[in-house]
Amino acid sequence: MKILLLLITTLSLITLTSCEKKIVLNIPDSNPRLVLNALMTEDSLIKVRVSFSGRPAKDGRFAEPGQARVVLYENNSSKGELVKTTIKGYTYYVSQQIAKAGNKYRITVEVPGYKMAEGEDIIPYKSAAQVSQMQAFTAVAANGAKLLKLTFRIDNKSLHDTRYQFRLFGLKYNTVRQPDGSIVRQTVRKEIFFSEDAGQPILYMDNSISDFVSDRLIKPEEAATYTFSSEDDLAIKTDTLLLEVSPLTESCFKYLYTAIFNAGSIDGFFTEPAPIYTNISNGLGIVGGMSTQIFSLKK
């Protein structure tokens, strides 16, 4: 009986008779769907990935269509087909022109046997984020560990409510003596993981790449102050800190934010994978806009 009750609560359609147990499952169509992914940034080429939904292969890659027609539209004007290109072993469809802030871009994908998939978004202006009061200092944690703290203020100078993504890096300058006796100065860029301070509405994308997405919505002409800290010795010894600030469109934010929850729920014993936001018609994935500024601080 407990098993039947569990089935009744979890299955979408169950029919039981007194003579037999007949279970009818309303299983969604398992056919793969087109997946279209493009995170567009200001002053960059638009790069599009096209694949199929389903389980990845042993190498972690998803199946890709052998033939796809990918077309780009800028403010509803066709810019033609994107060029199929291989980048680091992956297939991309790349635009021939640079994306510009303030413009709306729509991407369509046609694959034989599938309905045309499409998605669109705008690219926000870099000026939507004005960073000030950026400073770093060393503090001591309760356990005695040294912390490198970074604080900064963001003023929203756009006409829209805006959320942001942050990336944090450290630069270390080394001098290396060459075989001929000459001295060469090398710059090492290191992605530093900064943990968010307690109480701040920030989620990190991955400990190894220092990507943070804030769900704090800043209204036009308003500001917010952020503080990050790290116990990494390299962070404390680094010579210069780099802060990347990226204003996000609402679609881009929803995709990144839900992707974080999905990644955190996949291996959970009591959790089901969280759905990832999509703005693709007749498919899955994201066409999202963002822009990036880089700010540096010498310690």
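User: Among contacts in the protein chain between residues at least 6 apart in sequence, what share joins residues at least 24 apart?

Analyst: Happy to start there. This is a predicted model, in which local features need pLDDT of at least 70 and side-chain atom pairs count only at pLDDT 80 or more, while totals for chains, interfaces and linings use all residues. Residues are numbered from 1 along each chain as its sequence is written, and side-chain values use heavy atoms, with hydrogens and water left out. Taking a contact as heavy atoms within 4.5 Å, the share that joins residues at least 24 apart is 63%.

User: How many helices and strands are there in the protein chain?

Analyst: Both kinds of element are DSSP runs numbered from the N terminus, helices being H or I with at least four residues and strands E with at least two. Counted that way, the protein chain holds three helices and 21 strands.

User: In what order do the four strands of the open sheet stand?

Analyst: Strands pair here if DSSP finds at least two bridges between them. E5 (residues 69-74) and E9 (residues 104-110) run antiparallel and are joined by six bridges, while E5 and E6 pair in the antiparallel sense over three bridges. E6 (77-81) and E10 (117-122) each have a single partner strand, so one side of each lacks a neighbour in the sheet. The order is therefore E6-E5-E9-E10.

User: Which residue takes a positive phi in the hairpin of E5 and E6?

Analyst: This hairpin has two residues between the strands. The phi in question is near 50°, and the residue is Asn75.

User: Is Ser246 buried or exposed?

Analyst: Let's look at its setting: Ser246 lies in strand E19 (residues 240-248). Leaving aside residues up to four places away in sequence, Ser246 touches Arg163, Tyr164, Gln165, Met290, Ser291 and Thr292. Buried means under 20% relative accessible area, exposed over 50% and partly exposed in between, using a 1.4 Å probe and protein chains only. Ser246 has 3% relative accessibility, so the answer is buried.

User: Which side chain joins that of Ser246 in a polar contact of 2.7 Å?

Analyst: A polar contact is a pair of N or O atoms within 3.5 Å; within protein, one must be able to donate a hydrogen and the other to accept it, and residues adjacent in sequence count only if both atoms are side-chain atoms. The side chain of Ser246 also reaches the backbone oxygen of Ser291 at 3.4 Å. The side-chain partner at 2.7 Å is Thr292.

User: How many residues apart in sequence are the parts that Asp43 and Lys126 tie together?

Analyst: A salt bridge puts a side-chain nitrogen of Lys or Arg within 4 Å of a carboxyl oxygen of Asp or Glu, and Asp43 forms one with Lys126, the closest N and O atoms being 3.5 Å apart. Asp43 lies in the loop between E3 (34-41) and E4 (45-52), and Lys126 in the loop between E10 and E11 (129-140), so the parts they tie together are separated by 83 residues.

User: Is Arg49, which forms a salt bridge with Glu64, buried or exposed?

Analyst: The closest N and O atoms of this pair are 2.6 Å apart. Glu64 is partly exposed, with a relative accessible area of 31%. Arg49 has a relative accessible area of 18%, which means that it is buried.
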